[in-house]
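The sequence and structure are shown first.

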Amino acid sequence: MILEFFKSNFLVYFYVLLYSAFSVLGISILKTQISNESLQSVQNYFLFLISWKVIVASVSIFVGMFFALKVLLVKTIVVANPLFVTGNFLLTALIGVFYFKNVLNNLNIVGMLFIIIGIVLISYK
C-alpha cells in the first residue's frame, strides 16, 4: 500500500527534489557571495547583482521554479507547498552541515524526522 503510494508519486517527489536542489544551490551561492561583500553603497549593491555568481544563483533558482510548476500541475497547493518547504528545509540543513559546517543536535534530527513523517501523512490519500 505505501509502496504503491511512492511508486505513483515518484515523479512528483523527483520534481520536488530537483526544485529543492536548484533553489538551495542558488541560495547557497547567494549566501556565500553576500558574506564576502560590503553592500554599503548603491554602486556596490549593483555590482553585486550583476556579478556572474549572483546571476548563476538567480538562474538556478529560476530553473527550480520550473520544477515547482511541474508539481503544481498535478498536486494541489495544500500538498505541494509542504513538499517544497520540506525539501528546501532538509537540503538546506544538509548543506549547512556539510558545507557551512553547522552542527545539528539530536533534537534537531528528531525534529527533521517528524517533518518527514508529517509530509508523508499530509500527501497520503
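## Basis

This is a predicted model, in which local features need pLDDT of at least 70 and side-chain atom pairs count only at pLDDT 80 or more, while totals for chains, interfaces and linings use all residues. Residues are numbered from 1 along each chain as its sequence is written, and side-chain values use heavy atoms, with hydrogens and water left out.

## Overall fold

The protein has six helices and zero strands (DSSP runs numbered from the N terminus: H or I of at least four residues for helices, E of at least two for strands). Along the sequence the pattern reads α-α-α-α-α-α. Taken along the principal axes, the C-alpha atoms fill a box of roughly 55 × 35 × 20 Å.

Of the 125 residues, 27% are buried (under 20% relative accessible area, with exposed over 50% and partly exposed in between, for a 1.4 Å probe and protein chains only). Among contacts (heavy atoms within 4.5 Å) between residues at least 6 apart in sequence, 75% join residues at least 24 apart.

The 26 residues of helix 2 should span 38 Å at 1.5 Å a residue, and its end C-alpha atoms are 37 Å apart, which agrees; the expected span is 1.5 Å times one less than the number of residues. The buried residues of helix 2 include Val 12, Tyr 15, Val 16, Tyr 19 and Ser 20. Its buried residues pack against helix 3 (42–49), helix 4 and helix 5.

The axes of helix 2 (residues 10–35) and helix 4 come within 8 Å and cross at roughly 160 degrees; axes are lines fitted to C-alpha atoms, for helices over the stretch in contact, with angles from 0 to 180 degrees between N-to-C directions. Helix 2 is therefore roughly antiparallel to helix 4 (angles over 145 degrees; under 35 is roughly parallel, 65 to 115 roughly perpendicular and the rest oblique).

## Two buried residues

Ser 20 lies in helix 2 and is buried at 1% relative accessibility. Not counting residues up to four places away in sequence, Ser 20 touches Phe 84, Gly 87, Asn 88 and Leu 91.

Lys 75 sits in the loop between helix 4 (52–74) and helix 5 (77–98). Lys 75 is also buried, with a relative accessible area of 17%. Leaving aside neighbours within four places in sequence, Lys 75 is in contact with Asn 9, Val 12 and Ala 80.
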